[in-house]
Amino acid sequence: MLQHFLDLLYPPACIACAKVLPVRGAFCETCDLAVERLPTARCHTCAEPGTFPRHTCPRCHDAPPPFTRAWAAFAHEGPIARAIHRFKYEDHPDLAPALAALLVSECGRFLARAPPTLVALPLHGSRFRERGYDQAWLLAQALARATKRAADPDVLRRARATRRQVGLSEAERALNVADAFRATASAAGRDFLLVDDVLTTGATVRAAAQALLDADARRVEVLTLARAFSLA
């Protein structure tokens with residue numbers, strides 16, 4: 001009864017295009033048909049889409065990442081990219097539960113073996129004040145509730161402000177986030193699932209995972225909503 005009343009006040013809408021839906025769900029029919037899931041052919045370490053020798057992309061072959069494995073629910077295209085943009089930049093923190101539900105439904109096999117403690121890729125304080133919320137932390141919280149996991153808000157922090165990664169070359173991205181994160185001593189001996197919205201070259205999650213390992217974390221895995229095609 002309460003849900004019916006809330007639906008009358010706040011009708012369910014497509015998370016990508018905001019079209020009002022006849023029944024509760026993530027996408028309208030048009031957007032749902034356009035969603036692109038991550039291809040089966042991918043790097044088994046970082047989930048970069050493509051066919052690679054021994055299932056390892058050139059980036060992971062040349063510079064193995066500090067995280068054990070990464071996964072994403074979708075390719076960063078179309079409706080998913082629009083939904084993430086609305087969530088991240090258009091003042092829609094309310095989309096976190098729906099996006100977490102997509103992770104649960106699309107990444108069940110990955111989550112079944114993933115670490116028990118979730119940690120979000122943190123925003124710097126200046127970016128938080130500008131945006132008003134930390135979208136990765138909201139996503140991690142919602143995912144923790146949906147999977148009955150713990151989400152640790154204190155173990156990882158951003159030690160300095162960085163430029164936005166969009167538009168930077170791969171080398172510039174790595175330099176931009178080098179030593180940008182610090183983990184507390186409470187990371188020692190623990191396994192973490194690092195949560196963010198989009199994985200592109202992996203420079204940011206590499207830096208964050210390395211900070212956790214430098215604090216003696218035992219294992220770090222990565223889960224994002226979307227994976228960009230970042231190798232030519």
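Is Arg-218 buried or exposed? Arg-218 is exposed, with a relative accessible area of 62%, where exposed means over 50% relative accessible area, buried under 20%, and partly exposed in between (1.4 Å probe, protein chains only).

This is a predicted model, in which local features need pLDDT of at least 70 and side-chain atom pairs count only at pLDDT 80 or more, while totals for chains, interfaces and linings use all residues. Residues are numbered from 1 along each chain as its sequence is written, and side-chain values use heavy atoms, with hydrogens and water left out.

**Salt bridges**

Side chains of opposite charge can pair when their charged atoms come close. A salt bridge is here a side-chain nitrogen of Lys or Arg within 4 Å of a carboxyl oxygen of Asp or Glu. By this rule there are nine salt bridges.

| Asp-197 | Lys-88 | 3.3 Å |

Lys-88 forms its salt bridge with Asp-197. The pair links distant parts of the chain, 109 residues apart, with Lys-88 in helix H4 (residues 78-89) and Asp-197 in strand E6 (residues 191-199). Helices (H or I, at least four residues) and strands (E, at least two) are DSSP runs numbered from the N terminus. Both Lys-88 and Asp-197 are buried.

Asp-152 counts as buried at 15% relative accessibility, whereas Arg-190 is partly exposed, with a relative accessible area of 25%.

Asp-191 is in strand E6 and Arg-218 in the loop between helix H10 (203-214) and strand E7 (219-227), 27 residues apart. Asp-191 is buried, its relative accessible area being 11%. Through shared partners, salt bridges join Arg-69, Asp-191, Arg-218, Arg-219 and Glu-221 into one network.

**Surroundings of Glu-48**

Glu-48 is placed in the loop between helix H2 (29-34) and helix H3 (58-62). Glu-48 is buried, with a relative accessible area of 1%. A polar contact of 3.2 Å joins the side chains of Glu-48 and Arg-227; such a contact is a pair of N or O atoms within 3.5 Å, where within protein one must be able to donate a hydrogen and the other to accept it, and residues adjacent in sequence count only if both atoms are side-chain atoms. Leaving aside neighbours within four places in sequence, Glu-48 is in contact (heavy atoms within 4.5 Å) with residues including Cys-43, Cys-57, Arg-59, Thr-200 and Phe-229.
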